[in-house]
Amino acid sequence: MRKVKIAIVGCGTISQLNVPGYLQHEQCEIVALCDPDMERARFRASQWGISPEIYSDYDDVLNNSYVDAVEILSPTYLHAQQILDGLSAGKHISCQKPIASTLKETREIANALKSTNLKFRVTENFIFYPPIMKAKELMDEHLIGEPSMVRIRTVRGKKSERDFKITPEAAIWRNNPSLHAGGLLYDDGWHKYATAIWWLGNIEQVQSIVTLNDNLLDDTPSAAIWKFE
């Protein structure tokens with residue numbers, strides 16, 4: 001079977017979590033890396049033991065006819081335009097969550113997808129966590145009754161040792177309100193909303209209480225409450 005030729009766009013912190021899956025998959029081949037910092041891209045290539053094309057310009061990735069699909073791991077504020085440009089170039093797109101910074105951008109992406117047969121997804125790993133998958137199975141098979149509510153609570157604890165290094169740049173744009181739509185309720189909260197929607201369906205109405213602190217990444221305590229359709 002022909003391998004899917006993939007370009008990784010963004011070689012920062014999150015790439016250390018996403019890319020290993022492609023490296024281990026027998027049907028994937030990473031043929032290009034793209035990052036404004038080409039030295040960082042070269043470092044990742046060495047770290048992952050691959051010899052891809054190295055680019056600093058996203059347009060060069062899209063102009064490479066050898067590339068079938070693009071994995072977008074860039075800062076969130078770049079996602080919408082990179083998705084639209086990638087689809088226009090005929091590339092399948094996988095995008096790190098969140099999909100975009102505004103509803104307007106999200107609708108533009110949805111409209112673009114109506115006129116293409118290209119594959120598109122927003123990366124969401126929580127729904128592949130075995131306990132969450134088991135809960136879905138129990139609900140679908142009506143083994144635990146009819147669910148009436150989903151309650152998900154996130155508690156922030158002390159920082160622990162990580163098996164990957166967080167690049168300093170990762171916090172800069174996330175803490176800039178002109179570039180990032182929100183803090184953890186938006187960025188990390190995405191996982192919780194995706195899980196709840198996967199379990200029980202679409203959301204009809206949303207209310208929220210958000211704490212605004214000097215540090216955009218620290219919006220605790222906050223709460224999002226919604227009604228399912």
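Helices α4 (residues 76-88) and α5 (residues 103-114) of this predicted model pack at about 10 degrees, and their axes lie 10 Å apart. Axes are lines fitted to C-alpha atoms, for helices over the stretch in contact; angles run from 0 to 180 degrees between N-to-C directions. Helices (H or I, at least four residues) and strands (E, at least two) are DSSP runs, numbered from the N terminus. α4 and α5 are therefore roughly parallel, a label for angles under 35 degrees. From α4, A80, I83, L84 and L87 meet E105, E108, I109, A112 and L113 of α5. Contact means heavy atoms within 4.5 Å. The residues of this contact comprise seven nonpolar, no polar and two charged. Ala, Val, Leu, Ile, Met, Phe, Trp, Tyr, Cys and Pro count as nonpolar; Asp, Glu, Lys and Arg count as charged; the others, Gly among them, count as polar.

The model is predicted: local features need pLDDT of at least 70, side-chain atom pairs count only at pLDDT 80 or more, and totals for chains, interfaces and linings use all residues. Residues are numbered from 1 along each chain as its sequence is written, and side-chain values use heavy atoms, with hydrogens and water left out.

The second largest pocket holds about 830 Å³ of space. A pocket is an open set of points on a 1 Å grid over the protein atoms alone, where a 1.4 Å probe fits, with protein on both sides within 12 Å along at least five of seven lines; lining residues have an atom within 4 Å of a point. Grid points are joined across faces, edges and corners, and the volume is the space filled by probe spheres set on them. The lining has 23 residues, and L103, Y186, W190, Y193 and I197 are the closest to the pocket centre. Two or more lining residues come from each of α5, α8 (184-187), α9 (189-200), β7 (203-209) and β8 (223-228). α9 gives the most, with five. The lining divides into 18 nonpolar, four polar and one charged.

A salt bridge places a side-chain nitrogen of Lys or Arg within 4 Å of a carboxyl oxygen of Asp or Glu. The count is 12. One of them pairs E71 with R121 at 3.9 Å, N to O. E71 lies in strand β4 (residues 69-72) and R121 in strand β6 (residues 120-123), so the pair ties together parts 50 residues apart in sequence.

Backbone exceptions follow. A cis peptide bond joins K97 and P98, with omega about -15 degrees. P98 sits in the loop between β5 (92-96) and α5. Another cis bond joins T220 and P221, with omega about -5 degrees.

Key. Angles under 35 degrees count as roughly parallel, over 145 as roughly antiparallel, 65 to 115 as roughly perpendicular and the rest as oblique.
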